[in-house]
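I opened this notebook page to record what I looked up about the pocket and the aromatic rings of one structure.

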Amino acid sequence: MTKLDQFAASRPRLLGLAYRMLGEATEAEDVVQDAYLRWRDSVEVDVPEAWLTKVVTNLCLNRLTSARARRERYVGTWLPEPVLTDGGALGPLETVEQRESLALGMLLLLERLTPPERAAFVLREAFGYGHREIAEFLDVEEAHARQLYRRAREHVGDPRRRFTASPEEATKILERFVAAASEGDVAGLERLLAEDVVSWADGGGRAPAASRPVAGRTRVARFFGGLAARFLRDGVELVIGMVNGGPAMIVRQHGTLIAVTVPEFDGARMTALRTITNPDKLALLAARLV
């Protein structure tokens, strides 16, 4: 197998690692490209997977500090860049842990962590690496790697309490939500929402978006019912696709992607809805929807 073939085989896993570390698909693509250039120019290595994982992890650590500074200057609510996950481009999504680690809600929780804590958590939870391997990737002692992971879990909590619906169950709920929104059925929308549901929107100053979170079952139902009623008159199409490991509402207007709404579920009800309208964050996803 050539070096190019070895890298191609590892690319989905590396892209999945970089995206979970950064929450930005475009930045993750750049990191993987940088890793490829280093791989191409490297001497032979004994364990290519470990070598590439360490390179990508450290490239991400270098970028996280500047990324956080950019997010502090961001206009409005910052949300992670949504990504399609039905083609295996971000590595396997066979386990609950792998799917949860891609959820927008989880990526936002990871923003609470220091860069090393985030790396330890992602490498352990999403990719199943042992503490000794993580220590080697981060150039720390194994005891320190364990401590990083423990602190990360303390800050993040137990994700399984947050993401309780299976993809199949969540899809059925979202289908009912889309149908109710399309019909202007506010009462139907309310039945699908948790009492304390919150809706956030990220336009980044580049596209229309609610400037403040909308909270509460009745307010969120009326908000989405009103949006659907207005947009459906303007040639807007609502479809469901797999985004960040779960079903999401994809919104097109005259064939152009204008928004993605990613819900979060607790059983049969939605507890959060996160809508991205910033065209910069939708560009990569739009290209892959073609």
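I began with the largest pocket, which is lined by 24 residues, with Leu227, Phe231, Ala259, Thr275 and Thr277 nearest its centre. By pocket I mean an open set of points on a 1 Å grid over the protein atoms alone where a 1.4 Å probe fits, with protein on both sides within 12 Å along at least five of seven lines, and lining residues have an atom within 4 Å of a point. The model is predicted, and local features need pLDDT of at least 70, side-chain atom pairs pLDDT 80 or more, while totals for chains, interfaces and linings use all residues. Residues are numbered from 1 along each chain as its sequence is written, and side-chain values use heavy atoms, with hydrogens and water left out.

I noted that α11 (217–231) gives the most to this lining, with six residues (helices are DSSP runs of H or I, at least four residues, numbered from the N terminus).

I then searched the whole structure for aromatic pairs and found six (rings of Phe, Tyr and Trp, the last by its six-membered ring, with centres within 6.5 Å; planes under 30 degrees apart are stacked, over 60 edge-to-face, the rest tilted). Phe177 and Phe224 pair edge-to-face, at 5.6 Å centre to centre and 70° between the planes. Phe177 lies in helix α9 and Phe224 in helix α11, so this pair ties together parts 47 residues apart in sequence. Phe223 and Phe224 are also edge-to-face, at 5.5 Å and 90°, and ring pairs link Phe177, Phe223 and Phe224 into a cluster.

Technical notes: Helices (H or I, at least four residues) and strands (E, at least two) are DSSP runs, numbered from the N terminus.
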